[in-house]
Structures are given as C-alpha cells and as structure tokens.
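Here is a briefing on one model. Lead sentences come first, then points by topic.

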Protein chains: 2
Amino acid sequence: MRDVAIIGLGQTPVAEHWDSSLRDLATQALREALTDADISDLSSVDAMYVGNAYGAPITSQSQLGALLADLGGLRGIEAYTVEAAEASGAAALRTGYLAVASGAVETAIVLGIEKATDRVGADHLRARGVSLDADYEAIHGATLPALAGLLMRRYMHEYGIELSAFENFSANAHLNGSTNANAMFRNKLKPGAFAKAPSVAAPVSLFDGAPDADGAAAVILTSADRAGDLVPQPIHIAASAVATDALALHDRADLLTLMAAQRAAQKAYAAAGIGPDDLDLFELHDAFTVISALTLEATGFAARGEGWKLAQESLIGREGSIPLSTFGGLKSRGNPIGATGIYQAVEATLQLRGAAGANQVADARIAMIQNLGGLGSTAITHILRA
Amino acid sequence: MRDVAIIGLGQTPVAEHWDSSLRDLATQALREALTDADISDLSSVDAMYVGNAYGAPITSQSQLGALLADLGGLRGIEAYTVEAAEASGAAALRTGYLAVASGAVETAIVLGIEKATDRVGADHLRARGVSLDADYEAIHGATLPALAGLLMRRYMHEYGIELSAFENFSANAHLNGSTNANAMFRNKLKPGAFAKAPSVAAPVSLFDGAPDADGAAAVILTSADRAGDLVPQPIHIAASAVATDALALHDRADLLTLMAAQRAAQKAYAAAGIGPDDLDLFELHDAFTVISALTLEATGFAARGEGWKLAQESLIGREGSIPLSTFGGLKSRGNPIGATGIYQAVEATLQLRGAAGANQVADARIAMIQNLGGLGSTAITHILRA
C-alpha cells in the first residue's frame, strides 16, 4: 500500500450562500485547490471523489461526480459521489485515499460540497431527516437536534452535571472561529450568553448545536513519493479508518459510548502507531456539545463520564494539551454537512503546514480529524502528519 | 496493487416488491452472498460499500452503509454509500475493488440496493429526475425517457434507419430473461409486438426502455491470493475503470458518441490487456435500445453508426459472437437502478463459474460489464475473468 499525501487545498467561506449555487461553490473550492497545488495541467488529475449528503433531497441534483468534474474543467475523468450523511466528506477522503494508496489513481481531488439552504423550514427539516433511521426515528418526527437533546439529558443525568459544564466547548469554538475568515459565526461567546441561549431541543440550546450551512472544500491527494517533488510541504495521511454503529439511537448497545468513534480512532491510532497523547490538535465533529464530550471519551482523551471536564479545565484551547476545533469547528466555522469532513482536512493541513495564521497551534506536527454521520452512526478518522 | 477476486454473490428477484422494504431486500441479498462465499464467521468481513441512487429522494433514508451493515449482522464495520445515479452499483464495486486492491481491506461486501417503487406517479418522476442536469434539463420537465427519445430520433435520422432496427436488442433481452428466475419480465417478445408497442417518449416505446424496479444484489471481494483458498471458483477482476462525460445531453461534444463509455472501456481493455474480440459476453447498460447501439460503437464492437447492425445480424444472442444481456439485461431482468451494476457483476460471475443454467454462454472465460449513469454521463467498466 502506497503512502498518500495532501498536496493542495481550497475552501469557500461557510455561510448561507443565497447568491451562489452548488455549482458555484464547488468550482470555487476546486479551482483554489488546483492553484494551491500548483497544478495548471488539468490532464494530470485522474479522479475526483465528491462528498455530499443532500444533493438529491435538497438541491434535486445527484451524479455530482460527472457534473462537477465537467464544470471544473476535468470532463472525462473518473468521478463519483460518496455519502455517509454528515460524514460524507470524510468518506470521500477515505475513497480518495484508497484510490491513491492502491496505485490505481495517481492524483485525486476530494471535494466536499453542500448547498443546504436551498430548502427552508419544514421542507428543510424533512429533507435533513434522511440521515436518521427513517422507519424508527424520522417517521415519528424525530430530528437530529431532538435526539441530541435526549442524549445530552441522559449524559447530564448519568454524571450529575449541569448545562454549564458544556459551555467551554462552545466558547472555545467561537473564540477560534473569531479569527477564521471562512467561519460562519465570527462572534466570541459573551459571558452569560450560553446560560441565556434560547432552547432548540432542551437541553440543547442555540450555543450547543452547530448551524447547517453551505460550503465547499477540496484537497488534492497523490502518492507520498511524488508529493515531495510537487509541493514544498506535503502533508501525509498517516491513518484512515472507518467504523459504524447502529443508525437509531435506541439501538445502541450503550447510549453514552460512541462505539463507532471509539473503533475508528483505535484503528487510526494503531495504523499510525501513536496514541492520543501524540496529537497536537484534534478537529472533532462538534455538531453538539454533548457529542464533543462523548467524542473525547471515545477517542481516549478522557475516561467514561469525564469528557466534559476537559472543557472545564480549558485544556482544549489553542495552547491547551489537546486543541479542539482550531478554526471554529462545526459550531462556529459552520456545518456544511457533506463538506464538513473536507473542511476538517483543510484546516488540519493548514495547521501542519504552519500556515494557520492567527489560528496556528504552535509546533503542530500531528493532527487527528474525525467526521461523524448522524449522532455517531458512522465515524471516519484520519491522522495527518507534517 | 493486489489482484482482487469475487468469492460470493447474492441477488433478490427484480420486481415491484410492494411487500418488501429496502431493508428486507438488502439483507436478503447480503445473507445469500455470505452463504455463497461460505462465510459463517461474520468477523472476517471488514467493510461494506453500498451502491444506491435513490435512498434519500425516494425512501427518505441515507447513511445506508451503517444501517445495512447493522441489519446484516455486521455492526461496526467500515461502511458507506457510493452514488453515480444509475451507475451507483458499479461505483460501489469500484470502491470495493480499490479498498481490497490497496491492502487496506481484506474482505469487502459490495451491495447494490434500490427500492424505487416507494414513490409513484409524478412524485416518482420528480425524484427520478435528480440524475439529470437539475438546472438545465430536469427543471424544464425533461425526463430520462424523453431525452432518450431525442437521442434515438437523432440516431435514426443520422443513419437513416427505422425503429425496427432496434427490435432485436429488446427481443434478445426478453429471450434471455425468459429463463432467469430473478427477471422482472419473463415473457418473450411476440412477433409484431415491438412495432405495435405503446409509445413512451417517441420514438422510444414500451419495448425500448427498461423498467425501473426494486432489487438488491451483492458480491463479496477479497484478494486473489486468498480467494483460491476460500472458494473453488474465484472470479478475478481483471480491470476496473471509470470515466465521465457532460451531465446534460446538450453539452456533449458529440451527441452520438458515448464518450464516457468509450473511455472507460478503453481503460479497461488496456488494464486487462485484451480487446473486444476477447470477450465471451458483455453485460451492457441497455436502459434504452439506442443506448445498446451506441454502447456497442463506443466499446469497439461496431463502427460509428453501425451498432444497430449487430442486433440485426443476431450476433448478440447466447451463441453469437458477443452475447449481450445474458440474463435479460436492464430491459427484461429489470433496472433496480443503484443495484443494476451489481446484478451485472452477479450475472457475469455466474457465467464465468459455468453456473448460469439455462442462460449459460458456452465456455465463458472473460466477461465485460458496463454500468452507465444517466444517458452515459458516468460509465464504469469492469472486466471479469474465470
């Protein structure tokens, strides 16, 4: 199996892009990545894997591989779409990794794209529900925030903690997002604001949940052998791992263990030959603050029931022992659903290049990114190395 | 890159399965494939890649990887969905191939599943349109049969042929389907029926177009090295290739050249070190008879404008020089959209095992399968070898 490296990246701002279509956003990120990798001869690109979750139900467009390759000036190349709900971006990255690692493909673009705001209100909620269990959750009116609320309440009950225990996950994300020009929300969380936030699905409030958004991000992969000749700072993919769990929350063996996140992280640690202590930063899937707490437990940073303490002890800031959401995470940078996994890859790559500007984690050498589908039904973990 | 082999297969009948859900069909094909590969220890399965096109827009269910792995008794394994409209099945096969070829995955299930009949009438047509260009085709009311009609009319005009020139593609499919217990339509085409068939989108008539249907099919892949120890007759994947073209028909460089089909076939021939003359059978994407004619031209069996002649000269039957649609193809076996590519793989594997029963092509050693998205916007070609 060949080693694989990231040699280019691109991203659009994450926002409600009322004035840009799915096509506009995708081609913008694509062109930026090609420029970043200094690729002017498009015939050197062999394949494109698109991470997208809601193309069909929200934008009435599937077969995005062929469409976006064509619009990106790459008509004819290998291209198709990869979907794992909110983890679609990372699933596309996994596919690009497999293609290059196998030797079948020399240079691949992995593009994450979501235009989530083309439907609004009840119409949006209905479309958005397809990542839940259709027959046992969504059909009863359950939504992702509603289920996250149940999970959060259980976590608080089980471990005897208050809502305020989660505040710093959100505050940290907003602080980091405040200096990210591509972030959807660049406001810092004001003191007292978390406690007073309007409820979304109690106990989940406005500052616990990440906003659905539009955006596109791309990375370009090639074999590690070639990468060094092409760009000054290739970033190596040291591990790529996927695991799954029951789709419906009520089917889980243990509500308070994100089994897929645990399994994907363990596989990734083993492949990279490292443990959590070796990581310089972790772009986790902070769609809800309770998911951040549970993810830290699943990935070996905290014992069961103690993930929330990392936020309390301020270990998750840029100068802490495990910096999280260093560009604002899903919470502040925004959650362009099927593109989120690629934003994570772009941000971690910027960190490892030392090109993160005001968001730089000092001496970042090893980063983990983890993208979740649903409330952890799919978990895809990559470890990147400078 | 490791060689990859097929060691197991399963399929449900193709039909309008009003009494079975997406879950029922998927798990039925999955179990059959596991049994066929003699896998009783489920922990030996590492990954599952699901080919599906309309889970979200028709059955309101995405994230099928996690869901179907769980329902199949494989909770926890790597799993996600791959989509390329009607070529989703083959795109999933491509992904499974890359995973095993790379060495990252030892044993993978590739499952194609579609439950297309959960929406009917205008609702179905609207959902079905997502594989076209949403902004320039579907929005104007274009449908796949309507566009196929335009293409067929152009073909007839350009080459000065009548509708009857296409009849034998349909007759051959129905003849082969008549002995396939899993086929949707097992009736032979009666003399005169083709000429009198009701129009769908002139000149496309009822016997030109393949019926959308429900179905699930699965193949199990492992490295060729291991395969020989596991099953008596592993079937080798000698080539796997993907190519794309413009999504919208009006954007094609040449309406009457299926560029993606041509390119994917050329890549596959080169990888396998063979040419069209070496093939013992060809499971092509006969969604419309004109697509069969154009495919034969694109894949090197006929010169431009002469694909229709192969049908006239009866070269496409089971004893002809290039047997097509040996189990009935999309036309008679039926088109369970995102599963179709896996049905093609299952059928070709049965042929190469010499286990095709009444549908057997004598001495079949090398088979090509080609799955198309839309009217050839995505083309995915695999060559299998006994």
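β8(A) and β11(A) pair in the antiparallel sense over eight bridges. Two strands pair if DSSP finds at least two bridges between them. This is a predicted model, in which local features need pLDDT of at least 70, side-chain atom pairs count only at pLDDT 80 or more, and totals for chains, interfaces and linings use all residues. Residues are numbered from 1 along each chain as its sequence is written, and chains are lettered from A and ligands numbered from 1 in the order in which they are written.

**Sheet around β11(A)**

- β10(A) and β11(A) make a hairpin with four residues between them, and G374(A) in the turn has a positive phi of about 60°.
- Seven of the eight residues of β11(A) are buried. A residue is buried if 20 or more other C-beta atoms lie within 10 Å of its own, exposed if 12 or fewer, and partly exposed in between, with C-beta atoms placed from the backbone.

**Helix α10(A)**

- α10(A) covers residues 259-272, and its 14 residues reach 20 Å from first C-alpha to last, close to the 20 Å expected at 1.5 Å a residue. The expected span is 1.5 Å times one less than the number of residues.
- The helix is mostly covered, with 10 of its 14 residues buried.
- Among the buried residues are M259(A), Q262(A), R263(A) and Y269(A).
- The cover includes β8, α11, β10 and β11 of chain A.
- G273(A) follows the helix, with a positive phi near 70°.

**Chain A as a whole**

- Chain A has 14 helices and 11 strands.
- Its radius of gyration is 19 Å, close to the 21 Å that the globule rule gives for 386 residues, so chain A is as compact as a globular protein of that length. The radius is taken over C-alpha atoms, and the rule is 2.2 Å times the number of residues to the power 0.38.
- The C-alpha trace spans about 60 × 45 × 40 Å along its principal axes.
- Of the 386 residues, 66% count as buried.
- Among contacts with a separation of 6 or more, 78% join residues 24 or more positions apart. Two residues are in contact if their C-beta atoms, placed from the backbone, lie within 7 Å.

**Buried positions and core**

- The largest nonpolar core has 295 residues, and A218(A) and A218(B) are among those with the most contacts inside it. Such a core is a set of buried Ala, Val, Leu, Ile, Met, Phe, Trp, Tyr and Cys residues joined through C-beta atoms within 7 Å.
- Beyond four places in sequence, A218(A) touches residues including L9(A), A29(A), L111(A) and I342(A).
- A148(A) sits in helix α6 (residues 144-159) of chain A. It is buried, because it has 23 C-beta neighbours inside 10 Å.
- Contacts of A148(A) beyond four places in sequence include A201(A), F288(A) and L375(A).
- L296(A) belongs to helix α11 of chain A and is buried, with 28 other C-beta atoms within 10 Å.

**Contact between the chains**

- Chain A and chain B put in 50 residues each.
- On chain B, α2, α3, β3, α4, β8 and α10 each supply at least two residues of the side that touches chain A.
- That side has 26 nonpolar, 17 polar and seven charged residues. Ala, Val, Leu, Ile, Met, Phe, Trp, Tyr, Cys and Pro count as nonpolar, Asp, Glu, Lys and Arg as charged, and the others, Gly among them, as polar.
- β3 of chain A runs antiparallel to β3(B), joined by three bridges. E83(A) has T81(B) as its bridge partner.

**Backbone exceptions**

- Most residues other than glycine have a negative phi, and most peptide bonds are trans.
- The bond from A202(A) to P203(A) is cis, with omega near 0°.
- The bond from A202(B) to P203(B) is also cis, with omega near 5°.
- A85(B), not a glycine, has a positive phi of about 55°. A85(B) lies in the loop between β3 and α4 of chain B and is buried.
- D363(B) also has a positive phi, near 55°. D363(B) is exposed, with 8 other C-beta atoms within 10 Å.
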